[in-house]
Amino acid sequence: QAFGLGGPPLREAAPPTTGQFTVPLHRQRVPVQTDDGVLSFKSVYFGSISVGAPNAQKFSMVFDTGSGHVIVPSMACRSEACLIHNRYERRASPRAVDIDADGSQVLPGAPRDQLTVAFGTGEVTGQFVSERLCLGAPDVEDPSPAAAATAAAAAAPNTTDTLPLHCMEMRIITASEMSHEPFHAFSFDGIVGLGLDSLAISPEFSMFSMLSAQQHLQEASFGVFLAESDDEVSEISFGGHSPARVRGSLSWTPVVMPEEGHWMIQIKHLRIGDRVVDFCEDGTCRAVVDTGTSLLAVPVDFADELRADLEDNLKNPPLSAEGRVDCRQAEGLPVHFELYGGMTITLLPGDYARPTLLLADEEGEELAGAELAATGANATDAPALGANSSAGAAAVADAAVPEGSAESERADVGSMDDIILNACRPTIMPIALPEPIGPKLFIWGEPVLTKYYTVYHWGNKSVGFGIAAHANDEVTEQVAAQPAKPKRRPLLSV
């Protein structure tokens with residue numbers, strides 16, 4: 001049973017009249033359970049795109065900085081994981097061209113190239129097509145003259161000068177096979193990879209590379225905001241960031257080893273509280289900023305030490321009247337990642353801790369303990385890192401763990417009324433990755449991406465960080481002067 005889509009109702013953004021476009025993101029939480037009985041919740045964030053012209057086909061997609069391709073289910077896919085989702089109908093898009101991996105046209109009836117991409121506990125196999133992709137839903141109603149011109153351009157012949165601002169011609173993967181796990185568990189249809197060019201087969205398969213090539217963007221960058229609660233709306237902004245989502249200014253750090261395809265940055269020092277940790281003092285620690293990861297992934301040789309330090313010093317906040325705990329109010333040691341250039345990423349207990357689940361039966365007896373990763377991005381934490389593979393990619397159960405660790409499967413836990421949340425625990429996942437990007441690689445998922453608004457600059461190959469401006473922050477600041485003032489609902493910009 002899925003616990004639904006979080007946040008207030010979304011309105012799809014209208015087609016842009018400038019070189020910036022914001023796509024609102026839905027959140028869905030799904031429980032998963034490991035073989036040893038540990039229960040956790042995966043959160044996925046997905047927004048709308050359309051594929052094809054003149055008949056645009058709508059898809060809900062995870063926007064993932066840890067993978068490199070656009071993948072949608074195809075009508076040729078007959079597995080249950082495909083049948084429950086929107087599927088791409090090739091015959092409904094006369095503009096599309098069947099191609100091989102090198103972009104060459106495939107004649108009717110001729111053999112075709114295929115690609116298999118691994119995503120954590122599952123995989124996708126598909127073929128290739130050259131198509132039109134547009135950000136946002138195809139059925140947005142906007143009576144403005146600019147929107148009418150955009151709609152007319154969408155139906156125009158296949159030329160780049162008539163493309164709508166939010167559209168691009170590119171190569172996509174149409175999945176003919178999708179494994180049951182993890183894709184059956186989630187509501188989204190497919191994946192939009194936002195890794196660097198080298199993570200894709202070629203730049204023509206990279207959505208942001210092709211969007212930038214249209215030269216319609218105000219800036220060759222995109223920004224990601226993940227909501228802290230259901231009182232606000234997550235979003236991804238293309239062509240620049242959303243200043244209203246940031247408290248203060250952005251600080252930038254360069255991407256290292258861009259040839260590996262990841263938004264990877266160098267860690268200079270690591271501190272737990274006031275103690276400098278020796279683990280990163282040799283200068284080889286790095287972090288991948290990945291919207292496809294739900295937890296804080298930590299090198300396996302350091303994970304136990306970090307978990308022990310944080311757990312031993314973690315103090316739970318008082319329980320609510322219902323016996324639940326708000327781990328955002330937890331106390332304990334901060335974790336500081338000092339980067340080159342003088343900036344520091346700091347995670348407080350309220351950022352890295354999540355409630356612990358105790359399932360109760362009808363008599364109120366506790367049945368099992370389980371950790372709740374209550375908010376996360378896409379939870380594909382199995383980094384088979386490299387060109388054509390994914391560090392995150394799309395809502396997959398955590399699998400980037402040492403050999404022998406239990407894998408995850410979807411859990412049936414009834415309703416949230418069955419669950420008692422009364423203790424906090426750090427959300428840390430051990431990973432073991434080889435050189436060149438490992439073995440001292442961290443993956444920064446939801447704990448970092450919720451606290452910090454992140455901007456990914458395609459042209460400068462750098463990542464910007466700024467403290468995210470959450471709705472609850474404003475309420476907290478105003479509560480003394482205006483205790484009855486309701487929470488402000490974030491605005492979506494175009």
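Hi everyone, let me start with a term: buried means under 20% relative accessible area, exposed over 50%, and partly exposed in between, with a 1.4 Å probe and protein chains only.

We are looking at a predicted model, where local features need pLDDT of at least 70, side-chain atom pairs count only at pLDDT 80 or more, and totals for chains, interfaces and linings use all residues. Residues are numbered from 1 along each chain as its sequence is written, and side-chain values use heavy atoms, with hydrogens and water left out.

My topic today is salt bridges, meaning a side-chain nitrogen of Lys or Arg within 4 Å of a carboxyl oxygen of Asp or Glu. How many does a search of the whole structure find? It finds 15.

Let's begin with Arg95, which pairs with Glu169, their closest N and O atoms 3.1 Å apart. Arg95 sits in the loop between helix H1 (80-83) and strand E6 (97-99), while Glu169 belongs to strand E9 (residues 167-178), so this bridge ties together parts 74 residues apart in sequence. Helices (H or I, at least four residues) and strands (E, at least two) are DSSP runs, numbered from the N terminus. Arg95 counts as buried because its relative accessibility is 17%, and Glu169 is buried too, at 13%.

Next, Arg354 and Glu446 meet at 2.5 Å, N to O. Arg354 is in strand E20 (residues 353-360) and Glu446 in helix H7 (residues 446-451), so here the linked parts are 92 residues apart in sequence. Both Arg354 and Glu446 are buried.

Finally, Asp98 bridges to Arg90 at 3.0 Å, N to O. Arg90 is partly exposed, at 27% relative accessibility. Through shared partners, salt bridges join Arg90, Asp98 and Arg112 into one network.
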